[in-house]
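Dear colleague,

Here is the structure that I promised to pass on to you.

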Amino acid sequence: MAEQNPYATPDADVAVDDITGDELAGRFTRFLAAIVDSIILGILFAPIMFFVGYFERVASGQNILLEALGWTFGGIFLWIAVNGYTLAKQGQTLGKMLLGVRIVSAENGRIIPLWKVAGVRYLPFMLISQVPLLGFFAMLANWLFIFRADRRCIHDLVAGTRVVKA
């Protein structure tokens, strides 16, 4: 009889149990959906910023911290205006819709309420990303979590969501 090694790796099955049967969205598909969402928001928001002279003030080095914060909240408002309906009804931003994926509850696979998607999954990370230097590293950590077996970023863990094929 072999002696048990207390330092041996466990024999337990540690695979993620998919209770809903939904197929997880691919990492690259999620990345592309985020890029599409960013492009859509940029197409809508950049002309406004240009016409009110924001880019000129930034280029001239004016201290515009409060204005930048205002633009951040304006961007969040525009993002909700563009994606709110489809997030509430289908669990999809426009980018996710175009790429055939959706956000669902990790617990039961159902669409989650808009307040939770916008207020817990997206808003805190949009705000954190605005903090110089720290925001970059926080977001990098968030994004790198997608390489876990369950493909859930930190924002998914915080909100109790996952992204699946639609």
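**What was found**

Of the 166 residues of the chain, 29% count as buried, where buried means under 20% relative accessible area, exposed means over 50%, and partly exposed lies in between, all with a 1.4 Å probe and with protein chains only. Please keep in mind that this is a predicted model, in which local features need pLDDT of at least 70 and side-chain atom pairs count only at pLDDT 80 or more, while totals for chains, interfaces and linings use all residues. Residues are numbered from 1 along each chain as its sequence is written, and side-chain values use heavy atoms, with hydrogens and water left out.

**The chain as a whole**

The chain holds 7 helices and 2 strands, which are DSSP runs numbered from the N terminus, with helices being H or I of at least four residues and strands being E of at least two. Followed along the sequence, these elements give the pattern α-α-α-α-β-α-α-α-β. The radius of gyration of the chain is 20 Å, well over the 15 Å that the globule rule gives for 166 residues, so the chain is more spread out than a compact globule; this radius is taken over C-alpha atoms, and the globule rule is 2.2 Å times the number of residues to the power 0.38. Along its principal axes, the C-alpha trace spans about 80 × 35 × 25 Å.

Contact here means heavy atoms within 4.5 Å, and among the contacts between residues at least 6 apart in sequence, 64% join residues at least 24 apart. The chain exposes about 10,800 Å², of which carbon and sulfur atoms supply 67%; these areas come from the Shrake-Rupley method with a 1.4 Å probe, and for residues only the protein chains shown count as cover.

**The two strands**

How do β1 and β2 (residues 161-165) pair, and over how many bridges? They pair in the antiparallel sense over 5 bridges, where two strands count as paired if DSSP finds at least two bridges between them.

**Residues in the helices**

Arg30 lies in helix α1, which runs over residues 27-51, and at 9% relative accessibility Arg30 counts as buried. Leaving out residues up to four places away in sequence, Arg30 touches several others, among them Arg121, Ile146, Arg151, Asp156 and Val163. Ile40 is also found in helix α1, but at 22% relative accessibility Ile40 counts as partly exposed. With residues up to four places away again not counted, Ile40 touches Val82 and Leu94; Ile40 and Leu94 are 54 residues apart in sequence, yet 8.4 Å apart in space, C-alpha to C-alpha.

Phe125 is found in helix α5, and with a relative accessibility of 12% Phe125 counts as buried. Its contacts, again without residues up to four places away in sequence, are Val120, Met139, Asn142, Ile154, His155 and Val158. The C-alpha atoms of Phe125 and Glu107, which are 18 residues apart along the chain, are separated by 22 Å.

Val158, in helix α7 (residues 154-159), is partly exposed at 49% relative accessibility. Beyond its neighbours within four places in sequence, Val158 is in contact with Val120 and Phe125. Val158 and Pro124 are 34 residues apart in sequence, while their C-alpha atoms are 10.0 Å apart in space.

**Two loop residues**

Most residues other than glycine have a negative phi. Leu133, however, has a phi near 65°, a positive value; Leu133 is found in the loop between α5 (114-128) and α6 (134-144), and at 63% relative accessibility Leu133 counts as exposed. Arg151 has a phi near 55°, again a positive value in a residue other than glycine. Arg151 lies in the loop between α6 and α7 and is partly exposed, with a relative accessible area of 25%.
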